[in-house]
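Here is a short briefing for a first look at this structure. Please view the sequence and the model before reading on.

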Amino acid sequence: MSTPQMPETVQAFVDSVNRSDEEAFLAAFTADGFVDDWGRTFTGREAIKGWSDREFLGADGVLTPEEVTTDGDTVTVVGDWRSTHANGRSSFAFRLAGDRIASMTIREG
């Protein structure tokens with residue numbers, strides 16, 4: 001199964017997640033970027049790191065993209081999420097700002 005085409009910024013981010021590369025993962029966000037994980041918001045790289053250490057990279061997360069849609073500066077990736085924290089089909093909506101991620105919103109896929 002081939003990976004759906006996605007913008008380079010998002011592909012690099014997914015790759016960083018799947019190889020547990022925390023430095024690249026955090027660098028992908030703008031300085032004031034945020035993660036909205038089912039309504040819980042973590043703003044700035046320090047807060048994102050704390051969340052990720054518990055629930056994302058620190059939980060050995062792997063995302064297998066299945067669908068990609070682009071609408072303006074928002075790219076939505078729906079795929080299979082597997083980790084020691086949570087599992088299942090999930091939607092990741094990325095709002096881009098240039099070559100960085102301004103926000104990532106996670107919901108049910």
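This is a predicted model: local features need pLDDT of at least 70, side-chain atom pairs count only at pLDDT 80 or more; totals for chains, interfaces and linings use all residues.

Residues are numbered from 1 along each chain as its sequence is written, and side-chain values use heavy atoms, without hydrogens and water.

**Residue E55**
- E55 is found in helix α3 (helices are DSSP runs of H or I, at least four residues; strands are runs of E, at least two; both are numbered from the N terminus).
- E55 counts as buried because its relative accessibility is 10% (buried means under 20% relative accessible area, exposed over 50%, partly exposed in between, with a 1.4 Å probe and protein chains only).
- Beyond four places in sequence, E55 touches D37, R40, W81, S83 and H85 (contact means heavy atoms within 4.5 Å).

**Residue T74**
- T74 lies in strand β4, residues 74-82.
- T74 is partly exposed, because its relative accessible area is 26%.
- Leaving aside neighbours within four places in sequence, T74 contacts T69, A93, F94 and R95.
- The C-alpha atoms of T74 and L96 are separated by 6.2 Å, though the two residues are 22 residues apart along the chain.

**Largest pocket**
- By class, the lining of the largest pocket has seven nonpolar, four polar and four charged residues (Ala, Val, Leu, Ile, Met, Phe, Trp, Tyr, Cys and Pro count as nonpolar, Asp, Glu, Lys and Arg as charged, and the others, Gly among them, as polar).
- Strand β5 gives the largest share of this lining, four residues.
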